[in-house]
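User: Hello! I have a chain open on my screen and would like to walk through it with you, one question at a time.

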Amino acid sequence: MLYDNLGINEKGHLTIGGIDAVTLAEEFGAPLYVLDEDRVRANCRTYVQALAEYMPAGSYPLFAGKALCFKGLYPVLKEEGMGADVVSPGEIYTALAGGFPAERLYFHGNNKTDEDILYAMDNGVGHFIVDNHHELERVNRYAGEKGIKQKVLLRVTPGIDPHTLQAINTGRIDCQFGVPIETGQAARFVQAAVGMENLDVLGFHSHIGSQIFEAEPFCDAVDILLAFADEMRQVLGFTVRVLNLGGGFGVRYQETDPVVDIPGNIKALSEHLKAGCAARNYPVPQVLLEPGRSIVADAGVTLYRVGGVKTIEGYRSYITVNGGMTDNPRYALYQAPYTVLPADRMNDQRNFVCTVAGRCCESGDLIQENIRMPEAKRDDLIAVLTTGAYNFTMSSNYNRLCRPALVMLRGGKARLAVRRQTFEDLVACDL
Ligand code: LLP
């Protein structure tokens, strides 16, 4: 099994967090997003504990809500001592609706509108991660009007390529996020920021990419950020107190993916950071990380019902499921790998080579190609693993399909956290 929270029971059914997947689908319907809350909590603790143990006091992880965002998740994050990275007023609203403390929110985004900035300030969002000069000027202006000193981090790009998928690689120089160090623009950005009277500039942020399996690219980023910080100290007398290194640790989608040693990587990163600071006689800053995928991905499983099997003679066989790119667009977008399992007959021989297709009117609507399954039939239950990140949040109503429900599992019990959309929901905004 890909993860130790998955099992097979005496009926040959897949179990998730000890609960029978077939029972879940019968009770809550399919397609269904299943999220093992115990697993989410364990993943949070791994980060919280490693950062507390190896990094300076005040270091802690922020959960990146772009990976998964619904009200019921935020009490869990709060209880586990996480902060949260939010990228839009909608994410801020959701976090606050879930009772999350505004002070622990870090507001991202490369194009925050004036309305967004005011909304965040009016709701007491603790930190802005400022992306560019325009935003800097507006945040300073509105903070002044409101008589507050806004805490900010400045997003800079260290120009690291962590050898990952192009589409989810944001640390390179040529990208729309942040301000590049190498071109000299970041120096001017910092200079402008530290001269603004309504801002409390805590430090820098950088995000180098996603699905990264080792500490090395983060260490490379630290080298560049520290050299830059040192330069800014000499030129401006400005000292970085907080270094936010973004998200990006990888997860296992398939058996061939490596297991990431998160505490080990954080320890290595901390040693690298401390050595770099010592070499420059620089005070070691607090470290923030923004894991999204590695907090929720492996806690998620999607369950689908099979509609049928279609063999195109001389070509291939398709299994069609009652969801697809509307609940998981990641294969259509990135040819993302997944592990697909026959949830209701896990012990059957898997000799049938097939492609799992969704139900949308789009030939690219596939979940996975050329996998091995038992010979399938209508009403079988299929599980796709590691769907906790970037599935629910990237879902759509294409073809006017209703978004699935999401159930959370805790201590062997399931509860509905997001109800399935209805047809009324689909027309709710239509006048
Ligand atoms: N912080 C920042 C500033 C980010 O841009 C991201 C992800 C994260 C944190 C969280 O990274 P994670 O730990 O989840 O790798 N839709 C794509 C992923 C896009 C990620 C964008 N930024 C996917 O489905 O793979």
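Predicted model: local features only at pLDDT ≥ 70, side-chain atom pairs only at ≥ 80, totals over all residues.

User: How far apart in space are Met-196 and Glu-137, C-alpha to C-alpha?
Analyst: Met-196 sits in the loop between α7 and β11; helices (H or I, at least four residues) and strands (E, at least two) are DSSP runs, numbered from the N terminus. In sequence, 59 residues separate Met-196 from Glu-137, while in space their C-alpha atoms are apart by 8.4 Å.

User: Is Met-196 buried or exposed?
Analyst: Buried means under 20% relative accessible area, exposed over 50%, and partly exposed in between (1.4 Å probe, protein chains only). Met-196 has a relative accessible area of 18%, so it counts as buried.

User: What span should helix α8 have, and what is the distance between its end C-alpha atoms?
Analyst: Helix α8 covers residues 216-236, which is 21 residues. The expected span is 1.5 Å times one less than the number of residues. For α8 that gives 30 Å, and the distance between its end C-alpha atoms agrees, at 30 Å.

User: Which elements do the buried residues of α8 pack against?
Analyst: The buried residues of α8 include Phe-218, Leu-225, Phe-228 and Met-232. After the helix comes Gly-237, with a positive phi near 70°. The packing partners of the buried α8 residues are β9 (150-157), α7 (185-194), β11 (199-205), β12 (242-244) and α9 (262-280).

User: Which residues other than glycine have a positive phi, including one near 80°?
Analyst: Most residues other than glycine have a negative phi, and most peptide bonds are trans. Gln-211, in the loop between β11 and α8, is buried with a relative accessible area of 18%. Asp-379 is placed in the loop between β18 (366-373) and β19 (381-385). The residues you asked for are Gln-211, with phi about 55°, and Asp-379, with phi near 80°.

User: Which two residues does a cis peptide bond join?
Analyst: Look at the loop between α1 (21-28) and β4 (32-36), where Pro-31 lies. Omega is about 0° for the cis bond, which joins Ala-30 and Pro-31.

User: Which residues is Arg-41 in contact with, leaving aside neighbours within four places in sequence?
Analyst: Arg-41 belongs to helix α2 (residues 37-54). Its relative accessible area is 5%, so Arg-41 is buried. Leaving aside neighbours within four places in sequence, Arg-41 is in contact with Val-76, Glu-79, Glu-80 and Arg-410.

User: What radius of gyration does the chain have?
Analyst: The radius of gyration is taken over C-alpha atoms, and the globule rule is 2.2 Å times the number of residues to the power 0.38. For 431 residues, a compact globule would come near 22 Å, and the chain agrees with 23 Å.

User: What share of the residues of the chain counts as buried?
Analyst: The chain has 12 helices and 21 strands, and its C-alpha atoms fill a box of roughly 70 × 50 × 45 Å along the principal axes. Of its 431 residues, the share that counts as buried is 57%.

Conventions
Residues numbered from 1 in each chain as written. Heavy atoms only, no water. Contact = heavy atoms within 4.5 Å.
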